[in-house]
Amino acid sequence: MHMNYLESAARRKLKASPEWRAFKFEAIEDWYLIEGKIPEGAYASGPRKGQPKWGAGDGQKTIITAEDVDEEMELYERTTGLCRDCFGSGKVMLGWSKEKGKTFRRCPRCGESGKAAK
Ligand SMILES: [Zn+2]
């Protein structure tokens, strides 16, 4: 399951703006506790370059259930017309190794078409 869906489901539940980002994903039994906020900009240099600066203070928290994730995936397919598993690429990551880097295989959900299931 993709973190993207947890983040966007949390954003939708909190009615947060598009800049809202999740920084904590905690799996609790079969649901998730998601915490995030609108970053206070990004690091301009150093090892964390490009990563969001979270600043002080807690984020907003929300609970995301498996149903929320399903709903989010359906919403993604309805709005983009793309496959929920491969995000339209037709490929899903199989694994990673030092020798080969990331390896991919044909997306089993859409059969490489990248299109949302009808
Ligand atoms: Zn696919």
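## The nonpolar core

A nonpolar core is a set of buried Ala, Val, Leu, Ile, Met, Phe, Trp, Tyr and Cys residues joined through C-beta atoms within 7 Å. In this predicted model, the largest such core has seven residues: Leu 6, Ala 9, Ala 10, Ala 22, Tyr 32, Ile 34 and Ile 64. Two elements, α1 (3-14) and β2 (31-37), each give two or more residues to this core. The greatest contribution comes from α1, with three residues.

Leu 6 belongs to this core. Setting aside neighbours within four places in sequence, Leu 6 is in contact with Ala 22, Phe 25, Tyr 32, Ile 34, Ile 64 and Val 69.

## Overall organisation

The protein has 118 residues, of which 17% count as buried. Its C-alpha trace spans about 45 × 35 × 30 Å along the principal axes. The domain assignment gives domain 1 (3-80) and domain 2 (85-118). The C-alpha centres of domain 1 and domain 2 lie 23 Å apart.

The secondary structure consists of two helices and five strands. Along the sequence, these elements follow the pattern α-β-β-β-α-β-β. Of the contacts between residues at least 6 apart in sequence, 44% join residues at least 24 apart.

Within α2, the residues Asp 68, Glu 72 and Met 73 are buried. Viewed down the helix axis, the buried residues of α2 fall within an arc of 135 degrees, and therefore they line one face of the helix. The cover over these buried residues includes α1 and β3 (60-65). On the other side of α2, by contrast, Ala 66, Glu 67, Glu 74 and Arg 78 are exposed.

## Gly 81 after the helix

Gly 81 follows α2 and has a positive phi, near 75 degrees. This glycine is found in the loop between α2 (66-80) and β4 (91-97).

## The β4–β5 hairpin

Strands β4 and β5 pair in the antiparallel sense over six bridges. A hairpin through three residues joins β4 to β5. In this pairing, Ser 97 stands opposite Gly 101 in β5.

How many of the six residues of strand β5 (residues 101-106) are buried? The number is zero, so β5 lies largely in the open.

Methods
Residues are numbered from 1 along each chain as its sequence is written. This is a predicted model: local features need pLDDT of at least 70, side-chain atom pairs count only at pLDDT 80 or more; totals for chains, interfaces and linings use all residues. Domain bounds come from an automatic or database domain assignment. Helices (H or I, at least four residues) and strands (E, at least two) are DSSP runs, numbered from the N terminus. A residue is buried if 20 or more other C-beta atoms lie within 10 Å of its own, exposed if 12 or fewer, and partly exposed in between; C-beta atoms are placed from the backbone. Two residues are in contact if their C-beta atoms, placed from the backbone, lie within 7 Å. The arc is that of the directions from the helix axis to the C-beta atoms. Two strands pair if DSSP finds at least two bridges between them.
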